[in-house]
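Open the model in your viewer and keep the sequence panel beside it. This tour goes stop by stop: what to select, then what is there.

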Amino acid sequence: MTVKIILSILTLGLFSIVLLSCGVSTSADETIKSYNYTVNELGNFQKFLLGEETEENLNNKPYNLNNDDEWNVFDLCLMKRSVLNQQCRTGDTLVAYFSRTGNTEKIANHIISLTGADKYVIEAAVPYTDEDIAYSNPSCRANIEQNDKTVRPEIAEPIDNFMDYDIIYLGYPIWWGEEPRIIDTFLEAYDFSDKTVIPFATSGSSGIAVSENNIRNLGAEIGTQLSGKRFSANASEEDISAWLDTLEFPQDTESTIINIEVNGKILTSTLENNSSAKAFADLLKDKSLTLELDDYGNFEKVGVLPKSLPANDKQITTEPGDIILYQGDKITIYYDKNTWSFTKLGHIENATQNELESILGDGSVTVTFSLKK
């Protein structure tokens with residue numbers, strides 16, 4: 001009965017109650033890293049623990065994530081954490097930060113752990129020494145810089161692939177109530193006009209509001225600047241996670257259209273606005289993707305992707321022409337209906353069901369996906 005109650009709470013989405021008590025060993029982390037769990041698997045595993053009928057046989061599944069030789073609620077919450085991390089890891093997020101004493105770096109590393117973002121450390125070409133930040137000395141370097149808004153300390157190394165990122169978490173300590181001038185250097189060095197910037201800062205007591213306003217009025221055009229957060233040096237990963245959950249990112253209104261070449265015919269599809277479709281589009285950025293799709297169930301063609309994508313599964317009934325992500329690493333083109341827990345990537349717009357069946361033909365078929373120029 002107790003397990004039933006706990007799992008009912010989990011069903012309502014309150015996984016965090018259990019997650020906070022999960023001890024994660026190194027071997028558990030290795031299990032999670034070596035297998036991409038899907039939302040569909042999460043639901044099936046929960047049903048199994050509740051004693052309900054599952055949609056597939058779970059024998060030999062790597063669900064002993066806590067490495068205690070039994071499947072239980074702790075494995076379930078670890079699986080959920082893995083699924084959430086996969087959904088965040090779309091390769092478009094950067095945590096850029098300046099940290100002189102290491103406090104801001106601690107927060108940055110928590111964000112990286114929770115989001116799967118890339119890291120860039122903003123380092124001064126001339127490093128700051130302890131004497132440089134001796135606040136009681138009016139002539140120390142930091143005092144002089146903070147008293148002159150025109151100062152721009154040189155940054156040691158640039159970012160080579162800055163344009164690859166859409167979301168940038170920008171971290172820094174609060175110096176004299178403001179952002180360090182090297183942060184202004186960073187903001188003026190790159191084009192942020194199509195970026196979403198989220199400031200975060202560390203301090204003993206000073207707030208982040210003044211620095212946020214400075215960044216907003218610096219003159220560097222920023223696409224979207226979200227409200228930031230000030231943390232103490234001892235903030236936990238749970239504190240950071242709770243803040244991340246409150247962020248509301250702008251929806252991407254620009255449509256991505258792909259071409260699907262099959263048996264000499266060019267079909268087109270507008271991709272969905274979800275992290276799965278975005279990750280699929282990222283696969284096609286540099287070159288087209290050619291896959292062998294096999295017929296299955298007389299209603300779909302299915303092939304294996306070269307890498308797993310984040311899943312956004314939900315129970316849907318497909319329509320002919322739907323392009324579906326299944327189990328994170330398989331792509332399917334439906335030419336008839338089917339009901340299951342899937343992630344929709346797009347829908348073929350320029351073919352009827354009969355035309356689609358004719359184009360796809362019987363048996364296996366070679367399909368090339370590419371971004372429409």
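Select Lys149 and Glu178. Their side chains meet in a salt bridge, 3.0 Å from N to O. (A salt bridge here is a side-chain nitrogen of Lys or Arg within 4 Å of a carboxyl oxygen of Asp or Glu.) Lys149 lies in the loop between H7 and S3 and Glu178 in the loop between S3 and H8, so the pair ties together parts 29 residues apart in sequence. Helices (H or I, at least four residues) and strands (E, at least two) are DSSP runs, numbered from the N terminus. Lys149 counts as partly exposed at 49% relative accessibility, while Glu178 counts as buried at 14%. The cut-offs are under 20% relative accessible area for buried, over 50% for exposed, and partly exposed in between, with a 1.4 Å probe and protein chains only.

A word on the model before moving on. It is predicted: local features need pLDDT of at least 70 and side-chain atom pairs count only at pLDDT 80 or more, whereas totals for chains, interfaces and linings use all residues. Residues are numbered from 1 along each chain as its sequence is written, and side-chain values use heavy atoms, with hydrogens and water left out.

Next, select Lys278 and Asp166. Their closest N and O atoms are 3.1 Å apart, in a salt bridge. Lys278 sits in helix H11 (residues 275-283) and Asp166 in the loop between H7 and S3, 112 residues apart. Lys278 is partly exposed at 26%. Asp166 is also partly exposed, at 26%. Now widen the selection to Lys149, Arg152, Glu178, Glu179, Arg181, Asp184 and Glu188: salt bridges that share partners join them into one network.

Move to Asp130 and Arg100. This salt bridge is 2.2 Å from N to O. It links distant parts of the chain, 30 residues apart: Asp130 is in the loop between strand S2 (118-121) and helix H7 (141-146), and Arg100 is in the loop between S1 and helix H6 (103-115). Asp130 is exposed at 54%; Arg100 is partly exposed at 22%. How many salt bridges does the structure hold? There are 17.

**The nonpolar cores**

Select Ile122, Leu170 and Phe186. In the largest nonpolar core, which has 30 residues, these three touch the most other members. (A nonpolar core is a set of buried Ala, Val, Leu, Ile, Met, Phe, Trp, Tyr and Cys residues joined through side-chain atoms within 4.5 Å.) Colour strand S1 (93-97), strand S3 (167-173), helix H8 (181-189) and strand S4 (192-202): these elements each give two or more residues to this core. H8 supplies the largest share, 4 residues.

Stay on Leu170 and show its contacts, meaning heavy atoms within 4.5 Å. Beyond its neighbours within four places in sequence, its partners include Ala96, Ile122, Ile183, Phe186, Val197 and Ile215. A second, separate core has 29 residues, among them Leu289, Leu309, Leu325 and Leu360.

**A buried glutamate**

Go to Glu300, in strand S10 (residues 300-304).

A polar contact of 3.1 Å joins its side chain to that of Glu300. (A polar contact is a pair of N or O atoms within 3.5 Å; within protein, one must be able to donate a hydrogen and the other to accept it, and residues adjacent in sequence count only if both atoms are side-chain atoms.) Glu300 also stands opposite Tyr334 in S13.

**Strands around S10**

Show S10 with strand S13 (residues 330-334). They pair in the antiparallel sense over 5 bridges; pairing needs at least two DSSP bridges between the strands. S9 and S10 form a hairpin with 3 residues between them, and Gly297 in the turn has a positive phi of about 70 degrees. Asp294 stands opposite Val302 in S10.

Last stop: Leu291, in strand S9. Leu291 is buried, with a relative accessible area of 9%. Its contacts beyond four places in sequence include Val304, Ile331, Val365 and Phe369.
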